[in-house]
Amino acid sequence: FRGYCSRRLRRLRKTLNFKMGNRHKFTGKKVTEEILSDNRYLLLILMDAERAWSYAMQLKQEANTEPRKRFHLLSRLRKAVKHAEELERLCESNRVDAKTKLEAQAYMAYLTGMLRFEHQEWKAAMEAFNKCKTIYEKLANAFTEEQAVLYNQRVEEISPNIRYCAYNIGDQSAMNELMQMRLRSGGTEGLLAEKLEALITQTRAKQAATMSEVEWRGRTVPVKIDKVRIFLLGLADNEAAIAQAENEETKERLFESLLSECRDAIQAVREELKPDQKQREHSLENDSGKVSNIQYLHSYLTYIKLSTAIKRNESMAKSLQKALLQQQRSDEDGKRSPRPQDLIRLYDIILQNLVELTQLPGLEEDKNFQKEIGLKTLVYKAYRCFFIAQSYVLVKKWSEALVLYERVLKYAREVQSGAGAHRNSLKELPDVQDLITQVNAEKYSLQAAAILDANDPHETESPSQVKDGKPLSERFETFCLDPSLVSKQVNLVHFPPGFQPIPCKPLFFDLALNHVAFPPLEDKVEQKAKSGLTGYIKGIFGFKS
């Protein structure tokens with residue numbers, strides 16, 4: 001964008017013949033009210049301000065790794081504010097309409113707020129942002145809906161900064177409003193979402209200074225790593241945002257964001273788990289039979305990561321189940337429809353995550369934890385068997401599907417009999433009673449379909465005709481219903497064609513050569529023998545024999 005602003009400035013100066021000297025000498029010129037005969041003179045100052053602002057935003061990204069560039073960033077922002085002040089002053093002329101005057105004032109207030117924001121002058125920044133927001137709201141109400149969309153978009157971009165300034169001034173409710181703004185962003189990947197994430201991270205970093213320990217399953221562990229503190233502080237807010245998400249795309253994005261933060265926190269703990277430190281802490285706690293605090297914190301974060309992955313896959317499974325039900329009611333063409341195999345894969349991943357949970361260090365002796373994970377494993381095994389049976393029903397393997405339905409009922413009864421005191425931990429899981437009811441209904445449907453399939457001779461004969469492997473070119477005389485003819489893999493001919501024997505090229509032998517009598521050549525041989533030096537001399541002097 002900075003390069004675009006520079007090129008636009010060059011084109012404007014060339015078009016307006018507003019050049020700053022020549023190649024050899026610079027001659028500064030200023031835009032005054034007297035030369036405002038063309039609105040493009042205002043664009044000159046606007047492009048100057050935009051170029052300085054875009055350079056400042058570029059330096060803001062680079063300042064994350066090079067802190068010295070922050071001084072250059074502030075310098076470019078001050079330059080942008082200076083150009084904005086000049087633009088606002090020129091727009092006070094009578095030649096400029098009221099709308100442009102208000103937009104120039106809002107632009108000036110926005111850049112001033114950004115400069116105060118970077119200087120961490122929260123009160124002055126908040127006043128400037130509020131002024132800008134008020135002007136844009138008034139403009140949105142004064143014009144058509146199409147123009148109001150642009151102004152409302154600017155208001156949405158400014159609102160997170162206002163709330164963050166309010167939080168730093170002392171408004172404790174601002175953090176909740178920032179979370180609600182992120183939730184309302186609808187899972188989009190844009191400047192607004194990035195700004196919200198950055199502001200929320202900065203807010204949690206300030207709160208993390210007061211957090212010193214965390215309690216999990218009856219054991220209190222000190223938390224000394226700042227990145228882990230920030231993650232644990234935002235865990236409840238992230239889970240609440242996921243629960244309030246309105247659509248699957250937003251929920252999926254929030255799950256990915258939470259898992260990414262969790263992986264970063266786990267990596268920070270791993271860096272602390274050095275071999276010498278781990279041995280030293282184990283030696284101190286070997287008498288009590290416990291793992292070290294840092295190892296237990298690592299287990300806690302891994303538990304959060306695996307539990308979140310299970311919830312995400314379960315959410316995806318529920319959406320796929322809804323899609324399967326809709327597909328049974330109305331088949332849609334042109335798009336890949338979900339299959340039971342997709343659900344089987346999701347439940348396989350969930351079961352693998354549950355196996356990893358049972359192997360976490362520090363929880364091997366926790367009988368209640370192992371019992372809870374065992375019951376959850378039975379629930380997900382039941383659902384996995386159910387969808388495997390559904391996939392067998394689609395290919396008309398009735399006996400295999402019936403056996404799997406019985407296995408589902410077995411798992412479900414084991415869960416019901418072993419739940420007991422662990423019912424609270426199973427509340428978040430799918431209800432096995434609904435699964436039992438659905439399996440009983442599917443069993444009756446399966447038995448009826450198997451009987452109908454056994455009594456229908458056409459259904460048994462037609463597959464044998466199609467499965468013989470012959471292409472269409474070899475069975476023109478035989479009629480059969482072959483659904484593959486309308487698919488993308490049509491068996492029309494054998495390709496590449498097979499090899500066929502052909503006669504070899506004949507070999508000719510000249511047998512008559514031995515019986516041929518050649519003419520005598522003695523006379524020619526004698527003449528050749530007489531020739532030599534004598535014949536050469538006779539030829540010179542003209543003698544002939």
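Which residues form one aromatic cluster? The legends below take this up, along with other close-up views of a predicted model.

**View 1. An aromatic cluster.** Y347, Y380, Y383, F386, F387 and Y405 make up one cluster of aromatic residues. Aromatic pairs turn up elsewhere too: a search of the whole structure finds 14.

**View 2. An edge-to-face pair, F117 and F129.** The two rings sit 6.4 Å apart, centre to centre. F117 belongs to helix α4 (residues 98-118) and F129 to helix α5 (residues 122-142), so the pair ties together parts 12 residues apart in sequence. Both partners are buried: F117 has a relative accessibility of 9%, and F129 has a relative accessible area of 0%. Buried means under 20%, so F117 qualifies.

**View 3. The charged end of R2 over the ring of Y55.** The distance from this charged end to the ring centre is 3.7 Å.

**View 4. R154 over the face of Y110.** Here R154 lies 4.6 Å from the ring centre.

**View 5. Helix α14, residues 367-394.** This helix has 28 residues. At 1.5 Å a residue, α14 should span 40 Å. Its end C-alpha atoms are 41 Å apart, which agrees. An α-helix has 3.6 residues a turn, so residues three or four places apart point the same way.

Notes: Residues numbered from 1 in each chain as written. Predicted model: local features only at pLDDT ≥ 70, side-chain atom pairs only at ≥ 80, totals over all residues. Heavy atoms only, no water. Phe/Tyr/Trp six-rings, centres within 6.5 Å; stacked < 30°, edge-to-face > 60°. Helix = DSSP H or I, 4+ residues; strand = E, 2+ residues; numbered from the N terminus. Buried < 20%, exposed > 50% of the residue type's maximum accessible area, 1.4 Å probe, protein only. Lys NZ or Arg CZ within 6 Å of the ring centre and 35° of its normal. Expected span 1.5 Å × (residues − 1).
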